[in-house]
Amino acid sequence: RKIKSFEWIYHGKKNKKPISVFSIDIQPFNELFLTAGQDSIIKIWKTIFIFKKKNPLRFDNSQKKNILNNEIKIPSFVLHTHQGQVNIIRWSLDGSLFASGGDDGFLIIYEKVKNPIQKTMWRIFQTFRSHTGDIVDLAWTPNNSFLASASLDNNILIWSLDSKSLIIKLSGHSTWVKGVSWDSTGKFLASHGADHKIFLWDTNSWQLTKIINLEKKFIKSQINKKVNLFSRSFWSTCGDYLIICNTFYKKKSSILIFSRIDGFKKLLCIVGKNFLTRAIRCSPRLYRNLEDQKIYSFFSSGSTEGKINLLNPSLYRTSIQIKNIKKNQITDMTWAACGYRLFVSFLDGTTAGIQFEEKEIGKILKKQEHFEFLRNYFLKFGRLKIDK
């Protein structure tokens with residue numbers, strides 16, 4: 001395993017104390033790197049991340065010079081489109097578009113264009129302005145046709161890219177919505193609110209199909225006086241598990257994992273110690289166990305103390321734990337399309353990358369195997385009905 005700090009990625013004024021990076025995302029397949037944060041700016045970095053055998057977290061002058069010779073140290077494009085801090089930024093699953101949401105309540109979609117001198121540029125494809133509160137999360141459908149946005153106005157809005165319009169407003173949470181996530185078949189949209197409830201919406205009818213009340217399960221999501229932006233929920237790539245962070249069980253920070261197979265009744269609780277899990281992200285790839293040949297997903301979690309855990313939900317335990325990056329809150333995480341590189345951002349404005357090996361997390365499925373697995377999964381669970 002190799003770890004590297006990207007000191008040249010920054011927000012704020014260069015050569016001065018960086019300001020917070022709230023969200024990062026790496027482009028599927030082409031691997032352009034997006035960063036967004038407290039300065040209301042979106043930066044697009046075009047670079048090759050080089051992981052050397054020796055990867056100290058701090059570089060001396062000679063190492064910095066070598067990196068300058070091999071990597072582009074300035075963003076390839078900068079966007080000033082929001083009127084407040086940018087809380088969330090995400091690529092579409094095909095990498096052709098990306099979207100951002102911020103304190104101004106704007107959801108903005110961007111597209112790539114070329115100017116007359118053949119220079120690649122990014123411009124606004126569409127701006128949606130229907131939220132009355134800060135946007136804290138967004139999620140693309142598997143087919144990239146729709147977007148869901150979550151806001152402090154307690155609502156989830158569903159947008160169509162084809163018609164460039166609002167499709168429906170989903171209301172039900174009594175307080176702000178912390179995260180939204182589509183399952184791999186596109187049948188369900190999950191929303192996680194600060195009211196300790198998880199809603200499952202049927203995307204065919206947009207009806208509320210199931211409510212998971214965490215209070216009834218004696219598990220309470222943490223409610224702070226200050227809004228915490230980094231508590232987003234995710235669905236596993238294999239489609240079997242819904243993963244929720246920033247919850248408490250027996251007064252300890254926990255990650256909740258609900259199984260789709262038994263109608264989201266089964267609950268796996270991974271309990272931490274004296275730190276809070278603030279960020280989770282699922283790898284976009286499926287993996288095969290080198291011993292028993294089983295197929296599974298991996299997801300990563302990051303804490304307020306900068307600790308990173310890699311978990312395979314089917315094993316009911318933490319597979320890898322990394323403690324030595326830095327003691328600072330992790331704000332966001334993103335996986336490269338190769339399935340072996342994980343990137344993390346911190347509240348102090350720094351970013352870092354980790355490269356794993358096949359022997360640590362398994363062998364990735366080839367694209368044909370990957371899509372065949374998801375096709376079979378859709379045929380099995382695409383019309384799944386679950387109890388209310």
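Which residue lies over the face of Phe106? Arg129 does, at 4.9 Å from the ring centre.

This is a predicted model, in which local features need pLDDT of at least 70, side-chain atom pairs count only at pLDDT 80 or more, and totals for chains, interfaces and linings use all residues. Residues are numbered from 1 along each chain as its sequence is written, and side-chain values use heavy atoms, with hydrogens and water left out.

**View 1. Arg129 lies over the face of Phe106.** A charge counts as over a ring if NZ of Lys or CZ of Arg is within 6 Å of the ring centre and within 35 degrees of the ring normal. Lys187 is placed over the face of Phe188, at 5.4 Å from the ring centre.

**View 2. Phe188 and Phe264 form an aromatic pair.** Rings of Phe, Tyr and Trp (its six-membered ring) pair if their centres lie within 6.5 Å; planes under 30 degrees apart count as stacked, over 60 as edge-to-face and the rest as tilted. The whole structure holds 20 aromatic pairs. The pair of Phe188 and Phe264 is edge-to-face, with 6.3 Å centre to centre and 90° between the planes. Phe188 lies in strand β15 (residues 188-193) and Phe264 in the loop between β21 (252-259) and β22 (267-271), so the pair ties together parts 76 residues apart in sequence. Helices (H or I, at least four residues) and strands (E, at least two) are DSSP runs, numbered from the N terminus. Phe188 is buried at 1% relative accessibility. Phe264 is buried too, with a relative accessible area of 1%. Buried means under 20% relative accessible area, exposed over 50%, partly exposed in between (1.4 Å probe, protein chains only).

**View 3. Ring pairs link six named residues into a cluster.** They are Phe6, Trp8, Tyr10, Phe33, Trp45 and Phe343.

View 4. Pro75 lies in the loop between α1 (61-70) and β5 (77-79). Pro75 is buried, with a relative accessible area of 17%.

**View 5. Asp153 is buried yet has no salt bridge.** A salt bridge needs a side-chain nitrogen of Lys or Arg within 4 Å of a carboxyl oxygen of Asp or Glu. Lys and Arg count as positive and Asp and Glu as negative; His and the chain ends are not counted. Asp153 lies in the loop between β11 (146-151) and β12 (156-160).
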